[in-house]
Amino acid sequence: MADETFLSDDLLRQLMSVGEVDLLVGILSHSSANTMRRAAHSVEKSLQQNFVRQRVAIISVDGGTAEDSDSDEHSGDGQPGNNSYSKGLNSLRTIHRITAGFNGAPSPGLALRTILSSSDLLRAKACAVVSPATSSTAPEWVANLLRPAFRDSFDFVAPLYSRHKFQGLLARNLLYPMTRALFGRRIRELYSDEWAFSSRLGSYCLNEDVWHEEPVRSRPEAWMGVSAITSDFRCCQVYLGEKPPPPDGAGPDLVEVLRQTVGNLFWLLETHEQSWMERKDSEPVPTFGPEHAVTAEPMEINRARMIEMFQTGVKELEPILKSILSNETLAGIQSVAALDQHSFRFSAELWVTMLYEFAASYHHSVINRDHLVQALVPLYRGKIYSFIEEYSDTSAREMEAASENLCLEFERQKPYLTEKWKAGVEVKS
Amino acid sequence: MRVTIVQGLEQAYYNLVHMIAEFLPRLVVMVVIILVGLVAAYLLGHLVRAVLRLTKLDRVSEDAGASRVLRMADLPSMTELLSRSIFWITWVGFILIGVSVLGVAGLQEQISRLFRFLPEVFIAMLILFLGLVLANFLSRAALLASVNAGIRSPKIWSWSIRFVIWILAISMALEELGLARQTVLAAFSIVFGASMLGLAIAFGLGGQDLARRALERYLGNSTKEKYKEPQPL
């Protein structure tokens with residue numbers, strides 16, 4: 001049952017005026033009112049084409065910007081659900097638009113909690129969460145995500161994208177293989193801006209007492225996915241298309257991304273300790289569409305700067321790395337840092353050992369946890385440099401085979417993580 | 001004459017016996033207080049050790065870098081150090097109370113002064129410890145931030161932060177103890193002012209280009225393209 005106390009009176013009024021729906025789409029953003037309006041319009045069109053007979057609502061969870069103050073997307077007239085957007089164009093039913101406004105920017109966790117509560121109150125059978133950027137450019141994604149949850153009774157629907165071979169390398173080299181090896185399900189994109197879920201999973205997550213936790217506040221989608229896996233909900237993947245580049249071209253800061261994703265993953269290992277320790281091997285999940293697709297247009301990357309930042313990091317952060325890693329692993333990384341650009345190779349074995357030692361050190365809190373994740377940044381750059389060097393001239397198939405080998409290496413070394421995890425804290429001088 | 005000498009000796013003997021009779025019970029009381037203090041200090045030390053182990057203070061101390069400093073000074077772990085300190089402080093307190101029971105003139109005043117001074121010593125120690133913890137935490141944060149941002153010579157920033165916080169903590173601790181207040185204030189002003197002036201001169205003379213580039217970067221006029229990385233997600 002939804003905890004209504006944190007929902008605003010305005011939102012509750014809007015939800016009550018809508019009644020019950022079959023499908024709910026949450027647009028989760030801190031974007032401007034115009035972007036949100038375009039996104040809601042695109043989503044509405046997609047729903048009209050694909051779910052003609054279903055009762056549908058779109059909820060925009062908006063952080064609020066200066067532009068929003070005079071936006072008509074807020075129900076400022078006190079008549080929620082009756083604004084100019086609460087209308088259907090071609091569908092047999094009205095598509096409702098709801099806006100949840102916050103004073104200041106809400107965290108993604110709070111935004112998701114609002115969507116889950118709304119979904120629960122509206123008794124939606126399936127719900128999709130999308131970002132305004134992708135829902136504007138590819139509205140059909142919404143329908144593709146909703147279909148398995150609504151028609152095929154899947155509880156968690158993860159997206160699959162096609163990308164440039166050198167984009168999404170954190171997911172390819174760390175997040176996917178590690179979550180696959182530990183949680184035992186081959187879901188490629190647990191950290192994404194789009195996903196869908198059933199009312200069953202939504203209610204389950206809503207009742208969990210984790211909403212105050214920082215990892216859930218910053219990246220709630222991975223927690224939801226891992227909760228689905230560990231509680232044996234039915235999971236699947238659906239191919240959506242090419243992942244669009246970030247709107248401003250630059251994307252988020254690498255350090256911030258690692259803090260949010262890797263920090264989140266390490267936290268998930270703690271909260272689901274029992275579950276991942278018991279699991280052996282990994283199983284594929286049903287997939288709609290191709291499982292992977294990569295493009296290989298020429299791409300400009302400043303490789304020299306990348307390796308320089310890795311080498312500087314290993315040298316300058318030695319005292320910190322010493323407290324996180326075993327002597328052998330640190331020596332291995334230092335010997336990699338000593339290699340020149342042409343012979344540079346960061347082996348999969350060393351990479352996995354290093355990551356497992358980071359995870360165990362996070363668990364034992366050998367240093368401040370946020371600092372620990374930040375110390376991983378230069379090492380990640382080294383691994384990515386090695387990956388780019390190794391696969392710059394190879395085909396997508398060869399690259400995929402290498403990724404599969406990396407996944408198997410993560411699975412092979414899982415007992416090492418368990419051993420380190422259970423061991424006491426080793427205080428080093 | 002003879003009688004007078006004998007009377008004098010008798011008087012001295014009586015005085016001595018009287019003094020011993022007066023002193024012995026006090027001595028016994030002192031010994032009892034010291035022994036009770038020993039037991040109390042032992043129990044309190046154990047209790048503190050158990051509580052600190054339960055709260056995992058050593059891990060916090062390790063994280064803050066305080067344990068490393070202790071090891072460098074050949075001192076035991078933070079838990080052990082604090083529990084031993086509690087033991088000795090308690091026992092010394094009981095010893096001083098016991099000694100004051102003897103009623104030795106002038107000693108009581110010194111003992112009460114020492115007791116009045118103890119809270120300030122504790123506060124000064126606490127300031128130093130917090131300063132150490134804060135200095136290590138912030139200097140590590142600065143080191144990580146500058147390494148990850150690709151700033152050259154990241155240790156300079158890290159050490160500068162550590163140095164400034166140490167100086168601040170030491171001067172605050174000395175101020176708390178009331179030791180040479182004027183000297184400490186002057187020394188702090190000189191060291192801090194000199195450091196800032198040195199940095200200003202070094203940056204102004206040696207880093208004109210760097211300053212220009214930094215300003216250009218902050219004002220958005222940089223001609224050099226920002227370092228771009230492949231999208232991680």
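Chain B is built from 8 helices and 0 strands. Read from the N terminus on, its elements follow the order α-α-α-α-α-α-α-α. This is a predicted model, and the values below are computed from it. Of the 233 residues in chain B, 19% count as buried. Where contacts in chain B join residues at least 6 apart in sequence, 64% of them are between residues at least 24 apart.

One helix pair in chain B can be followed in detail. Helix H1 of chain B covers residues 2-54 and helix H4 of chain B covers residues 78-101; their axes lie 8 Å apart and the packing angle is about 165°. Angles over 145 degrees count as roughly antiparallel, and H1(B) is therefore roughly antiparallel to H4(B). The handedness of the crossing between H1(B) and H4(B) is right-handed. By residue class, the contact of H1(B) with H4(B) consists of 21 nonpolar, 6 polar and 4 charged residues.

Chain A has another make-up. Its secondary structure comprises 19 helices and 11 strands. Chain A has 429 residues, of which 50% count as buried. Among the contacts in chain A with a separation of 6 or more, 86% are accounted for by residues 24 or more positions apart.

The domain assignment divides chain A into domain 1, residues 4-295, and domain 2, residues 303-422. Between them, 25 residues of domain 1 of chain A are in contact with 26 residues of domain 2 of chain A. On the side of domain 1 of chain A that touches domain 2, the elements giving two or more residues are helix H6 (169-183) and helix H10 (254-271) of chain A. That side of domain 1 holds 15 nonpolar, 4 polar and 6 charged residues.

Helix H12 of chain A, residues 303-316, and helix H14 of chain A, residues 327-337, have axes that come within 10 Å and cross at roughly 140°. The angle makes H12(A) and H14(A) oblique to each other. Their crossing, that of H12(A) and H14(A), is left-handed. From H12(A), the contact is made by A:Phe310, A:Gln311 and A:Val314, and from H14(A) by A:Ile333, A:Gln334 and A:Ala337. In the contact of H12(A) with H14(A), 4 residues are nonpolar, 2 are polar and no residue is charged.

A:Ser153 has a phi near 60°, a positive value in a residue other than glycine. The residue A:Ser153 sits in the loop between helix H5 (140-151) and strand E5 (156-164) of chain A.

A:Gln274 belongs to helix H11 of chain A, residues 273-278. With 8 other C-beta atoms within 10 Å, A:Gln274 is exposed. In sequence A:Gln274 and A:Thr230 are 44 residues apart, while in space their C-alpha to C-alpha distance is 9.6 Å.

The last topic is the contact between the two chains. It takes 33 residues from chain A and 21 residues from chain B. On the side of chain B that touches chain A, two or more residues are given by each of helix H2 (57-64), helix H5 (107-148) and helix H6 (154-177) of chain B. H5(B) supplies the largest share of that side, 7 residues. Sorted by class, the residues of the side of chain B that touches chain A are 10 nonpolar, 3 polar and 8 charged.

Conventions:
Residues numbered from 1 in each chain as written. Chains lettered and ligands numbered in written order. Predicted model: local features only at pLDDT ≥ 70, side-chain atom pairs only at ≥ 80, totals over all residues. Contact = placed C-beta atoms within 7 Å. Helix = DSSP H or I, 4+ residues; strand = E, 2+ residues; numbered from the N terminus. Nonpolar A, V, L, I, M, F, W, Y, C, P; charged D, E, K, R; others polar. Domains from an automatic or database assignment. Axes fitted to C-alpha atoms, helices over the stretch in contact; angles between N-to-C directions. Parallel < 35°, antiparallel > 145°, perpendicular 65-115°, else oblique. Left-handed = near helix turned anticlockwise from the far one by under 90°. Buried ≥ 20, exposed ≤ 12 C-beta atoms within 10 Å, placed from the backbone.
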